[in-house]
Amino acid sequence: MLTRKIKLWDINAHITCRLCSGYLIDATTVTECLHTFCRSCLVKYLEENNTCPTCRIVIHQSHPLQYIGHDRTMQDIVYKLVPGLQEAEMRKQREFYHKLGMEVPGDIKGEACSAKQHLDPRNGETKADDSSNKETAEEKQEEDNDYHRSDEQVSICLECNSSKLRGLKRKWIRCSAQATVLHLKKFIAKKLNLSSFNELDILCNEEILGKDHTLKFVVVTRWRFKKAPLLLHYRPKMDLL
């Protein structure tokens, strides 16, 4: 069967960020119109704007950051299409943390390890490590049951911000930085025996957080006291107050 090779520059328009003109890094999509940008570029842009940079549709009048979400599928596609991009990005992040004298987060270490491949000297093609093919079923099961323990971890304090809800018996928790605000809503709703997690708002510095925001994103963009546990407040949604 004949196959047609597609050159990278023919699809560059679909895998580059309109704001920085570079390949998408931490791809983030606007839920209203599905246009995608680098997360850092989009967050910086939305600090002073509430419209999509591409189509100018209003994302939200007052809280546009609640209506954007990480697009893991798009980011995986970009990393697969652009040779060396993932390795280069992981290297930059490691250098950044080393420059600040901080330990490299666990999720970056994990991504860097998973991105490693070996080059076949005969034809220049990449091939997976042979040892990975010999992994036993028990080891695979153990890996699958890791439950994100190898991820970068975040310490959180969950405080109640309303007299209509009771506080948690254990308000201090530690979980993966990849967990989202939606995960926290479900956790709180279960602990308080609420009928629906949609009845809750979670706030950081008195600003309502979007359900798709990861805790890592919240720490980087909202939390000024980086070495202190992340303080979050929960309350009934505004229309229920």
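Which residues make the nonpolar surface patch of about 310 Å²? In this predicted model, the patch is made by Phe96, Leu100 and Met102.

## The nonpolar surface patch

Phe96, one of the three residues named above, belongs to helix H4, which covers residues 85-99. Its relative accessible area is 48%, so Phe96 is classed as partly exposed. This value lies over the 30% that a residue must exceed to be counted in a patch.

## The second largest pocket

The second largest pocket has a volume of about 330 Å³. Its lining comprises 18 residues, and those nearest the centre of the pocket are Gln66, Tyr67, Lys185, Lys211 and Lys237. Sorted by class, the lining holds six nonpolar, six polar and six charged residues.

Lys211, one of the residues nearest the centre of this pocket, also takes part in a salt bridge, with Asp212 as its partner. That contact is described with the other salt bridges below.

## Salt bridges

How many salt bridges does the structure hold? There are five, and three of them are set out here, beginning with the pair formed by Arg39 and Asp26. The closest N and O atoms of Arg39 and Asp26 are 3.6 Å apart. Arg39 has a relative accessibility of 8% and so counts as buried, while Asp26, with a relative accessible area of 34%, is partly exposed.

Arg222 forms a salt bridge with Glu207, with 3.4 Å between the closest N and O atoms. Because Arg222 lies in helix H9 (residues 215-222) and Glu207 in strand S9 (residues 207-208), this pair ties together parts that are 15 residues apart in sequence. Arg222 counts as buried, at 10% relative accessibility. Glu207 is partly exposed, and its relative accessible area is 29%.

The salt bridge between Asp212 and Lys211 has its closest N and O atoms 3.5 Å apart. Asp212 is classed as partly exposed at 28% relative accessibility. Lys211 is also partly exposed, with a relative accessible area of 43%.

## Positive phi angles in loops

Where is Leu34 placed in the chain? Leu34 is in the loop between S1 and strand S2 (36-38). Although Leu34 is not a glycine, its phi is positive, at about 70 degrees. The side of the classification on which Leu34 falls is clear from its relative accessibility of 62%, which makes this residue exposed.

Asn205 likewise has a positive phi without being a glycine, here of about 55 degrees. Its position is in the loop between strand S8 (200-204) and S9. At 35% relative accessibility, Asn205 counts as partly exposed.

The C-alpha atoms of Ile173 and Val154 are 8.4 Å apart in space, although the two residues are 19 residues apart in sequence.

Between the C-alpha atoms of Cys175 and Ser155 the separation is 6.8 Å, and the two residues are 20 residues apart along the chain.

From C-alpha to C-alpha, Arg166 and Leu192 are 7.5 Å apart in space, while in sequence they are 26 residues apart.

Notes:
Residues are numbered from 1 along each chain as its sequence is written. This is a predicted model: local features need pLDDT of at least 70, side-chain atom pairs count only at pLDDT 80 or more; totals for chains, interfaces and linings use all residues. Side-chain values use heavy atoms; hydrogens and water are left out. Patches are made of residues with over 30% relative accessible area and no salt bridge: like charges are joined within 9 Å, nonpolar side chains (Val, Leu, Ile, Met, Phe, Trp, Tyr) within 5 Å. Accessible areas come from the Shrake-Rupley method with a 1.4 Å probe; for residues, only the protein chains shown count as cover. A salt bridge is a side-chain nitrogen of Lys or Arg within 4 Å of a carboxyl oxygen of Asp or Glu. Helices (H or I, at least four residues) and strands (E, at least two) are DSSP runs, numbered from the N terminus. Buried means under 20% relative accessible area, exposed over 50%, partly exposed in between (1.4 Å probe, protein chains only). On a 1 Å grid over the protein atoms alone, a cavity is a set of points where a 1.4 Å probe fits but cannot get out, and a pocket is an open set with protein on both sides within 12 Å along at least five of seven lines; lining residues have an atom within 4 Å of a point. Grid points are joined across faces, edges and corners, and a volume is the space filled by probe spheres set on the points. Ala, Val, Leu, Ile, Met, Phe, Trp, Tyr, Cys and Pro count as nonpolar, Asp, Glu, Lys and Arg as charged, and the others, Gly among them, as polar.
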